[in-house]
Amino acid sequence: MTSLQKFNDSTDITMENLTSKTTGNVYVDNPRMSARDVNVFYGDKHAIRDVTIDIAEQEVIAFIGPSGCGKSTFLRTLNRMNDTIDICRVEGQITLDGEDIYAPSVDVVPLRARVGMVFQKPNPFPKSIFDNIAYGPRIHGLTKSKSELDAVVESALTRAGLWNEVKDRLDQPGTGLSGGQQQRLCIARAIAVSPEVILMDEPCSALDPIATAKVEELIEELKEQYTIVIVTHSMQQAARVSDRTAYFHLGDLVEVGKTEQIFTNPSHKLTQDYITGRFG
Ligand SMILES: Nc1ncnc2c1ncn2[C@@H]1O[C@H](COP(=O)(O)OP(=O)(O)OP(=O)(O)O)[C@@H](O)[C@H]1O
Ligand SMILES: [Mg+2]
């Protein structure tokens, strides 16, 4: 008997898992993004270890795990936001529609339009509501006339569920909106440049339950068109909005699976401990 057979016989682990230490299937049939053997370091600190995962077209995938396990770090590798941190080094490969996003020829400005980001704390620009949304289309030269720009702004605000609340005050500062409105403004700003993927890092943690419910509804609608990766500390939120869930622990991607399976029947003990509240 070969050592491989022995390994297969003694466990349920498939061939796929021999190259990945993650429990569950990390691959999908229709990947929009793929990460292969990704490691991230902050100086000597090894923050993400050998993470391999696909992110499918038009799915919502939730990243969960205890504080400091690397959720934000890994999320930021997906649009090279870590480039802005001097001591941060990323190894491995990440592709968007099959193209290596870390290739030297890649310009991060258009990349970050294709892979947009929404942060924990709403961060509208100190500009009018209109100019917050028009900013991206302007710098990327996406519209040719004022009327085209007006249409893009209206469409982004409508898709973000904010148009009716702001249509009569487009020239007023974005910072004058409520927290929940500001977060929807930031989502509208991200979608105004027609991204393929939207990364959200705890987008509701600064919002009240009503504003949170609106953002969750919005995620549900946006997934018809976009791929969404959401980091959340709320397991209820992950269960409500996501199709798949990835559980991180101390820099490792421990388990990936359909959200329902992860929350009702996790395969890995660490996942089980976390979702039952024994850890984190
Ligand atoms: N800019 C940085 N410089 C040095 N170390 C960092 C930096 N950002 C994150 N780290 C470290 O990397 C590890 C992962 O941090 P990260 O912020 O990705 O965790 P997280 O899972 O998002 O946590 P939280 O749930 O608290 O947001 C932690 O040990 C953290 O201290
Ligand atoms: Mg974080």
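**Reading a helix, a strand and a ligand shell**

User: How many residues does helix H8 have, and how far does H8 reach from its first C-alpha to its last?

Analyst: Helix H8 (residues 179-191) has 13 residues and reaches 19 Å between its first and last C-alpha, close to the 18 Å expected at 1.5 Å a residue, where the expected span is 1.5 Å times one less than the number of residues. Helices (H or I, at least four residues) and strands (E, at least two) are DSSP runs, numbered from the N terminus. This is a predicted model, in which local features need pLDDT of at least 70 and side-chain atom pairs count only at pLDDT 80 or more, whereas totals for chains, interfaces and linings use all residues. Residues are numbered from 1 along each chain as its sequence is written, while chains are lettered from A and ligands numbered from 1 in the order in which they are written.

User: Why is H8 described as largely enclosed?

Analyst: A residue is buried if 20 or more other C-beta atoms, placed from the backbone, lie within 10 Å of its own. In H8, 12 of the 13 residues are buried, so the helix is largely enclosed by the rest of the structure; among them are Leu-185, Cys-186 and Ile-187.

User: Which way do the residues of E6 point?

Analyst: In a regular strand the side chains alternate between the two faces of the sheet. Here Val-115 and Met-117 point one way from E6, Gly-116 and Val-118 point the other way, and all are buried.

User: Which element gives the most to the shell around ligand 1?

Analyst: H3 does, with three residues, and the shell includes Lys-71, Ser-72 and Thr-73.

Note on methods:
A residue is near a molecule or strand if its C-beta atom, placed from the backbone, lies within 6 Å of it.
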